[in-house]
Amino acid sequence: MGETMLERIAQPGELTLAAVDTVSPFENIADVHAMYEARVFRFLLFSVRDRDLALSLTQDTFLSAWRSRASFRGDCSIATWLMRIAVNLVRNHTRTGGFRFWKKAEATAVDATDLQGHLRHPNASAESTLIARQQVAQVWESVERLSARQRTIFLLRFVDELELNEIAVVTGLTLPTVKSHLYRALDHVRAGQGKREKR
Amino acid sequence: MNSHLSSEQLERVLAGRPSYEVTQHLGKCARCVQDVAAMRAVLGDFRAATASSAEHHRHLAVPVAPARVPRVAWVLASVVLFAGIATPFAVRRQPVQPVVPDVSTQASTAISDEALLNNVQNDLSASVPESLLPLAGTSTNAVNSTDEKRKN
């Protein structure tokens, strides 16, 4: 199994679709999980802002991917397919969980302080590190205030570094709609940075 | 291009695909160059911080157990479901009660039928129908009186 998976690796950290024609890559779900779990978890963590819930949804994402492996035709990358499932799970969860979900999420929220603590600038001065941490906190506060759709698109673009057409596939939106939401989100983040500088 | 970069243009620059016009503008506008550099640095830091934070939380996370429905609820639901399925069959299989004719009603009906037939038979055998009997006497008297007049 290891050799066949290695044959499919074109770039480090990315599975290719070369072998998709014959065997679904999701047949080797353990390998797919090992390769993409961190990425899917990161997106889910900053979407739902609760690590336990994010882990559950990550597991659900891979379970759904494996169950629907027959419908994967290789039209998009494995990462895009997984992120699409993850986005749908978040959408369903927020829709069905309602108020209880948000209440729980706030109880164990991933906040700006948490992000600041994970920013490492070993070679920078204490002052520039402090400024960078404040800027990151400001970005997160701006992201938190975005609408759910804008936040999803912003995270997919600037955290997961997906291309705009991939985001359109993941979210099921048209490309112009994705662009519109992304630019509005970027406007908010820039405005937040501008306010911080004025202070 | 007189104004500074819009968010769309900034995003294109950050993605590494600026238009010719924007590239020209960046060659002349120090403020936009600074904006692009600042935003690139901030978003890079944000990405690094989210990656590090996510990795930290991934090791601490405990999957949320799905909300369990109590066993009693399952049993009750099964009973209700079974009852819902079985009831129509039970109702359909109930034996149809044969209609037992009432003996007294049957006897009285037979008697009344018999009496009606007798009446009809009597009517037919009589020279004058029963309904015309009151007229029978009067017609005889009328004939007699006519005869007496002729004799006079």
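In this predicted model, 25 residues of chain B are in contact with 29 residues of chain A. On the chain B side, helices α1 (7–14) and α3 (30–60) each supply at least two of the residues that touch chain A. The largest share comes from α3(B), with 17 residues. Sorted by class, this side of chain B has 13 nonpolar, six polar and six charged residues.

Let's now look inside chain A, at a pair of packed helices. Helix α2 (residues 29–48) and helix α3 (residues 51–67) of chain A have axes that come within 8 Å and cross at roughly 140°. That angle makes α2(A) oblique to α3(A), and the crossing is right-handed. The residues that make this contact are set out here.

| Helix | Contact residues |
|---|---|
| α2(A) | A:Ile29, A:His33, A:Glu37, A:Val40, A:Phe41, A:Leu44, A:Leu45, A:Val48 |
| α3(A) | A:Arg51, A:Leu53, A:Ala54, A:Leu55, A:Leu57, A:Thr58, A:Thr61, A:Phe62, A:Trp66 |

By class, the contact of α2(A) with α3(A) has twelve nonpolar, three polar and two charged residues.

Further along chain A, one loop residue is worth a visit. A:Leu146 lies in the loop between α6 (126–145) and α7 (148–158) of chain A. Beyond its neighbours within four places in sequence, A:Leu146 is in contact with A:Arg151, A:Phe154, A:Ala185 and A:His188. A:Val189 is 43 residues from A:Leu146 along the chain, and their C-alpha atoms are separated by 9.2 Å.

Terms used:
Residues numbered from 1 in each chain as written. Chains lettered and ligands numbered in written order. Predicted model: local features only at pLDDT ≥ 70, side-chain atom pairs only at ≥ 80, totals over all residues. Axes fitted to C-alpha atoms, helices over the stretch in contact; angles between N-to-C directions. Helix = DSSP H or I, 4+ residues; strand = E, 2+ residues; numbered from the N terminus. Parallel < 35°, antiparallel > 145°, perpendicular 65-115°, else oblique. Left-handed = near helix turned anticlockwise from the far one by under 90°. Contact = placed C-beta atoms within 7 Å. Nonpolar A, V, L, I, M, F, W, Y, C, P; charged D, E, K, R; others polar.
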